[in-house]
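I opened this notebook to keep track of what I looked up, beginning with a sheet and ending with a pair of helices.

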2 protein chains.
Amino acid sequence: MSHKIYTEKWAKDVHFSIEYTSHIHHEESPFQTIDFYQSETLGTFFTLDGLMMVNQKDEFSYHDMISHVPMSVNPNIKRVLIIGGGDGGTAREISRYPHVNQIDMVEIDERVVKLSIEYLPQTASKLETDERIHLYFEDGVAFVNQKEDGYYDLVLVDSTDPIGPGEGLFSKQFYDDCFRILTDDGILINQHESPYFDRDKKEMIRAHKKIKELFPIAKVYQFHQPTYPSGHWLFGFASKKLDPIKDHKPDLWEELDLDTRYYNSDIHKAAFALPTYVRKALKNNE
Amino acid sequence: MSHKIYTEKWAKDVHFSIEYTSHIHHEESPFQTIDFYQSETLGTFFTLDGLMMVNQKDEFSYHDMISHVPMSVNPNIKRVLIIGGGDGGTAREISRYPHVNQIDMVEIDERVVKLSIEYLPQTASKLETDERIHLYFEDGVAFVNQKEDGYYDLVLVDSTDPIGPGEGLFSKQFYDDCFRILTDDGILINQHESPYFDRDKKEMIRAHKKIKELFPIAKVYQFHQPTYPSGHWLFGFASKKLDPIKDHKPDLWEELDLDTRYYNSDIHKAAFALPTYVRKALKNNE
């Protein structure tokens, strides 16, 4: 077998590589370079501009943690906005809640969605079959800017890193609009980078600084995502009044009897306990 | 600059690589191959038989979590046995407790200790300066077998993977002896591998199966260790009567005012909350 290697630089001198069995697809979309690969251990995976986005083996951690944490804090969520998330995994998890009646998904790059439907039905299949899901192939920044006040109960920012098309999704203006379009008990969850390698840590601090100036409640929670740099990844939980721990409703969530592989009610609380060095970085902005 | 690359196979087709600036030392000891390297992002690091053991950047997570979890459950720990841990990081953390009066460290490979003292003073320096630390360059399995009953308050198994010299430290006989040499409120902490990649998961399940048959209390806790396979690593907490959550004494621990970078009292409790797929694997032995 020839050696076909995908490599991502986690730091300039720390590399993560996957020996793939086939390079399924390569294209330059109007927004980014998209590659789909097949591998034995991680299954199908795809990269945007060379960075790992989703693979079949560990996507459940990310999609569980972005979705079920807010859904178990506010059991009355009806309208959900997903920004990004072209692979469909976040929409798939949200679609498991029967009381949700609208899932708007705004993905700037239609090609990511189309290719995920073709090559990654594990994450994307619900995009074609759940009638509550509405796809908008637009810029998320512009979408939230034109949306009316107090419309969504939950906004999930399932973005790439803050370089390339994802950059605006880490801007002050974008967070301002998220705040404005959320209901009074609305929740914003954002992809919050990682505390470990310098580049990711810098973005983690920048994002938190902006969000905590805006939202009365702004917490950060962690999980294990083995194929993202360092395997230590974060989401932000921001809201006008709901606290992710005090307002957590494990009993109501457990009544739904959802089968999850990463998330559970103990993990929910535990995820908000951060290592001391992460706490300090977020508190001191450095 | 020439490309000098250290690579570890996390799975047969998933590789973690570090571009090092210099290969400080290489030797074949009677037990294993030892290599020390220098790198920009991770600082000095060393490998045994090609596997990452310790590096300057993330060693604090591992050494915090192996040490402070048991020390904050039983504040009366006087005699501690460390099996393995040749880098000295675990002994360094235990030596921060003034009420501990004996730290026996049994490392089969004297060369690991000597080289760590030379190249990794960050972890090894206490081995030469703390008079409570007694070094035994012996096989840990034989050491615990000849030790009298009820001698230690805490046994920390800071071992390599269960291949090569670390193999016996995952055996039933070894765990039997650990049980026997512990006091009634003694605690055993063991390096418990990882739930993610198949090879590590298999060893995690095997170790837990043996320990839970022996100890009335046998829990597993997790932490982020970015340079170990998947970054998702575990320790086991086993004891005859102390529960790591019910008997946790955060107030007494905080009075000691130890400055830690990973561990804190919230992380202590949180670490025992495991993802659903890990819980199931440990419960069902598969």
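This is a predicted model: local features need pLDDT of at least 70, side-chain atom pairs count only at pLDDT 80 or more; totals for chains, interfaces and linings use all residues.

Residues are numbered from 1 along each chain as its sequence is written, and chains are lettered from A in the order in which they are written.

Sheet, chain B. I found 7 strands in an open sheet of mixed pairing, ordered β9-β8-β7-β10-β11-β13-β12; strands here are DSSP runs of E with at least two residues, helices are runs of H or I with at least four, and both are numbered from the N terminus. Two strands pair if DSSP finds at least two bridges between them. Because β9 (133-136) and β12 (217-224) of chain B each have a single partner strand, one side of each is left without a neighbour in the sheet.

I then looked up β11 (residues 182-191) and β13 (residues 232-239) of chain B, which run antiparallel and are joined by 5 bridges; B:Ile187 has B:Ser239 as its bridge partner in β13(B).

Helices, chain A. I saw that the axes of α7 (residues 172-181) and α8 (residues 198-214) of chain A come within 10 Å and cross at roughly 35°, where axes are lines fitted to C-alpha atoms, for helices over the stretch in contact, and angles run from 0 to 180 degrees between N-to-C directions. In this contact (C-beta atoms, placed from the backbone, within 7 Å), A:Lys172, A:Tyr175, A:Asp176 and A:Phe179 of α7(A) meet A:Lys210, A:Ile211 and A:Leu214 of α8(A).

Key:
Two residues are in contact if their C-beta atoms, placed from the backbone, lie within 7 Å.
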